[in-house]
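Notebook open, model loaded. I want to go through a handful of spots and jot down what turns up at each.

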Amino acid sequence: MKHITPVILVLFMLMTPSRGFGDDSSLNLGPEELVQAGGADIDVGIYSVPSFVDWNNDYLKDLVIGTGGGNVRVYLNVGTESDPQFSSYFYAQSGGSNLYCTPSGCMGCFPRVVYWDADARKDLLVGQSDGTVKIFLNVGTDEDPSFDAGTLLQVGEPGSETNIDVGSRATISIVDWNSDDRKDLAVGALDGQIRIFLNEGTDTKPVFYNQVFAQEDGGSLTVPSLRSSPIVLDIDGDGNKDLLAGNTNGQLLFYANVGNDSDPNFSGYTAVEADGVPIDLPSAPRSRPSVCYWTGDGYFGPIDGYLDVLIGASDGKVHLYRGTSAVGDINADGNVDFVDFSLFAGYWAQTDCGQCGGADLNDDTNVDFNDVQQFVENWLIGLQ
């Protein structure tokens with residue numbers, strides 16, 4: 001029976017389409033960590049807005065953090081791909097001085113690094129507290145960015161353009177919303193809605209003629225507790241871009257795309273959990289998320305197939321939630337599939353579980369029928 005069971009299982013799996021684990025949920029996150037620099041928790045004072053990008057082209061991702069005080073801090077990674085470490089910071093520069101956004105209420109700068117034009121130098125797109133969005137073009141180099149004084153982005157037909165203005169608290173996500181190979185903008189706001197600015201120009205010379213609203217059940221999507229802070233990308237692995245949103249109450253909400261990749265639509269949300277508990281930062285912290293791969297494989301790629309999440313908040317700190325492997329995902333690529341079974345079968349009947357390669361799913365020091373049962377259960381979860 002012990003030798004027959006894997007054969008039965010592989011036949012079952014060959015007849016069943018492969019899908020990612022947990023397609024009905026968004027992320028599989030571990031417990032909260034606070035990112036440190038120089039042995040102490042990073043603290044930008046108030047209302048942090050973090051993202052994780054390679055600022056200086058050394059193949060190590062760095063922290064770029066907007067602050068409630070109106071500046072942008074850069075913490076260079078002095079560690080490795082597999083173990084990011086930070087010591088000190090400097091401020092992003094604009095016109096020879098510290099880049100500055102006029103702060104108001106719960107927001108200063110909301111920065112996102114982007115290649116905006118055609119000069120192959122990273123630029124800085126910044127959402128501002130007054131609801132406007134400004135592009136700071138890089139007048140330095142790609143390895144050592146410095147920026148011009150910034151230009152307010154506009155929307156409207158030629159000859160009747162006005163500044164983009166979402167009312168208050170412009171939180172930006174750069175995305176190809178309609179899958180036409182041109183960068184668009186999804187912009188959150190104090191009112192909880194998410195405005196979409198479709199690019200009618202080119203990918204290296206964006207032009208926005210009008211705004212539309214992200215849709216939920218036929219109406220404008222409004223994030224609960226307001227102050228929407230969107231991230232748009234395919235989270236559940238079905239090939240369609242989804243929506244993650246922070247809000248006033250410090251939650252992280254997942255909206256699965258029930259439309260298609262070129263015309264996203266949504267119908268309800270689920271609260272994203274970390275370590276089995278919904279993320280709900282205390283004291284109305286205005287959660288402002290970004291998604292990344294926190295650790296690399298040493299060859300400038302992710303160490304596994306699980307997304308990690310950074311969240312900025314009113315405490316000025318950087319909250320990290322690392323993606324964790326689903327039980328049975330032996331190769332940690334984000335799917336429980338036939339590849340995992342092939343690896344699993346190679347460890348079948350293994351009794352020295354110092355060499356089980358993650359196939360001892362129930363940690364009983366054997367790879368046996370109990371592990372097969374656990375594997376099948378997780379495979380079936382991915383098919384629901």
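**Disulfide and cysteines.** I searched this predicted model for disulfides and the count came to 1. The bond runs from cysteine 101 to cysteine 109, with an S to S distance of 2.1 Å. I checked the torsion next: there are 100 degrees about the S-S bond, and the link of cysteine 101 and cysteine 109 is right-handed. Cysteine 101 and cysteine 109 are both buried.

Cysteine 106 has 2% relative accessibility, so I put it down as buried. Cysteine 292 comes out at 6%, so I filed that residue as buried too.

I zoomed in on the pairing of S10 with strand S11, which takes in residues 123–128: the two run antiparallel to each other over 6 bridges.

**Serine 168.** I found this residue in the loop that links strand S15 (162–163) to strand S16 (171–175). Is serine 168 buried or exposed? Buried: its relative accessibility is 13%, and the cut-off for buried is under 20%. Its side chain reaches the backbone oxygen of serine 129 at 3.3 Å. Setting aside neighbours within four places in sequence, I listed the contacts of serine 168 as Ser129, Asp130, Gly131, Ala189 and Leu190.

**Positive phi.** For asparagine 57, phi is near 60 degrees, a positive value. Asparagine 57 lies in the loop between strand S4 (49–53) and strand S5 (62–66). Its relative accessible area is 27%, so I logged asparagine 57 as partly exposed.

Aspartate 275 is not a glycine either, and its phi is positive at about 55 degrees. I placed aspartate 275 in the loop between strand S26 (273–274) and strand S27 (277–278). How exposed is aspartate 275? Its relative accessible area is 54%, so aspartate 275 goes in my notes as exposed, the cut-off being over 50%.

**Leucine 307.** Last stop: the loop between strand S28 (288–292) and strand S29 (308–312), where leucine 307 is found. With a relative accessible area of 14%, leucine 307 is buried. What does leucine 307 contact, leaving aside its neighbours within four places in sequence? I wrote down Leu27, Leu29, Leu233, Ile235, Val291, Cys292, Tyr293 and Gly323. Cys292 on that list is the buried cysteine 292 from my first entry.

The C-alpha atoms of leucine 307 and glycine 323 are separated by 5.3 Å, while the two residues are 16 apart along the chain.

Conventions
Residues numbered from 1 in each chain as written. Predicted model: local features only at pLDDT ≥ 70, side-chain atom pairs only at ≥ 80, totals over all residues. Heavy atoms only, no water. Pairing = 2+ DSSP bridges. Helix = DSSP H or I, 4+ residues; strand = E, 2+ residues; numbered from the N terminus. Buried < 20%, exposed > 50% of the residue type's maximum accessible area, 1.4 Å probe, protein only. Contact = heavy atoms within 4.5 Å. Polar contact = N/O pair within 3.5 Å; in protein donor to acceptor, adjacent residues only side chain to side chain. Disulfide = S-S within 2.5 Å.
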